[in-house]
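Thanks for asking me to look this one over.

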Amino acid sequence: MSSNSHLTAPTQFVEANGIRYAYRRFGATNGTPLVFLQHFRGGMDNWDPLVTDGLAADRPVILFNYAGVASSTGENATTVDGMADHVAIFVKALGLTIVDVLGFSIGGFVAQSLAHRYPDLVRRLVLVGTGPRNGEINPDPKVLQVAGNPMPAEDDFLYLFFSPSEVSQAAGRAFWARRHERQDQDPPSSLETLKAQAAAIGEWREPRGERHAYLKEIRQPTLVVNGHDDIMVPTINSFHLQQHIPNAQLIVYPDSGHGSQFQYPDLFVAHTSLFLDKA
């Protein structure tokens, strides 16, 4: 095991095509590395230490900032496929030939594109709080308004990521405290990142050929996870992913929303570990 953890792993950089990609690597020294792909505007410190350290107990974990996000340099990609291309460049720059990928929210869009466009690079796929191209959307304008706040605060995350119940909101506050435990926090993402990733999400919502056809070409074993009522990427999208990806299974956690993995970190780690460790 590495002596580092979520709270202590140093921020490192690898350069490729003139871009310095920021990342942190910690956990077991052997096994297939698990690359984490973050949500809209999120950086390395938006993950839950209980999730990252829990999964790092049995495998190398790599947290990563997309090009242009937080401490990574370069220009933000304005399409999901462009973001996936950057992930492939980053992984190859580390000298890795195959990885497992965990994508959350827009990171789940990117993970799908990566697995589809670079099938030899991805062994297993975990899709959390996400949906397919041209998926179902929530028409409530408040969701976009809160997600677009210049500096998202605790109340914004509690609204977007957790259910309104007392139990879920308490879990959200506990997550918020955990994610701020690290002393040297990654810088926040910029307004340019907000605009670029919003454009990428907009493009992802547009149809491209037969609906869901590309999902049938994702051959990697896939675990799909969501909360009971995801107001950001409606939970029905998770069902569609499971129905159309040939080798996919679905878990929906009760009384939870977009960030169900942060509400049930121990359960999520157990389920994800079982899936990743399966021969």
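This is a predicted model: local features need pLDDT of at least 70, side-chain atom pairs count only at pLDDT 80 or more; totals for chains, interfaces and linings use all residues.

1. Residues are numbered from 1 along each chain as its sequence is written, and side-chain values use heavy atoms, leaving out hydrogens and water.

2. The sheet is open and has eight strands, in the order β1-β2-β4-β3-β5-β6-β7-β8 with mixed pairing. β1 (12-16) and β8 (248-253) are at the edges with a single partner strand each, so one side of each has no neighbour in the sheet. From one strand to the next the twist averages 25 degrees. Strands and helices here are DSSP runs numbered from the N terminus (strands E, at least two residues; helices H or I, at least four), and two strands pair if DSSP finds at least two bridges between them.

3. Leu223 stands opposite Gln249 in β8. Helix α8 (residues 236-244) packs on the sheet, touching β6 (122-128), β7 and β8, and its direction makes about 160 degrees with that of β8. Contact means heavy atoms within 4.5 Å; axes are lines fitted to C-alpha atoms, for helices over the stretch in contact, and angles run from 0 to 180 degrees between N-to-C directions.

4. How do α2 and α3 pack? Helix α2 (residues 80-93) and helix α3 (residues 106-117) make an angle of about 70 degrees, with axes 8 Å apart. The two are therefore roughly perpendicular (65 to 115 degrees). Val80, Met83, Val87 and Ala88 are among the α2 residues that meet α3, where the partners include Phe109, Val110 and Leu114.

5. Two α2 residues deserve a look. Asp81 lies in α2 and is buried (under 20% relative accessible area), at 13%; it touches Ser113, Arg117, Arg133 and Arg208, leaving aside residues up to four places away in sequence. Phe90, also found in α2, is buried at 0%. With the same exclusion, Phe90 touches Val14, Tyr21, Tyr23, Ile62 and Phe64.

Technical notes:
Angles under 35 degrees count as roughly parallel, over 145 as roughly antiparallel, 65 to 115 as roughly perpendicular and the rest as oblique. Buried means under 20% relative accessible area, exposed over 50%, partly exposed in between (1.4 Å probe, protein chains only).
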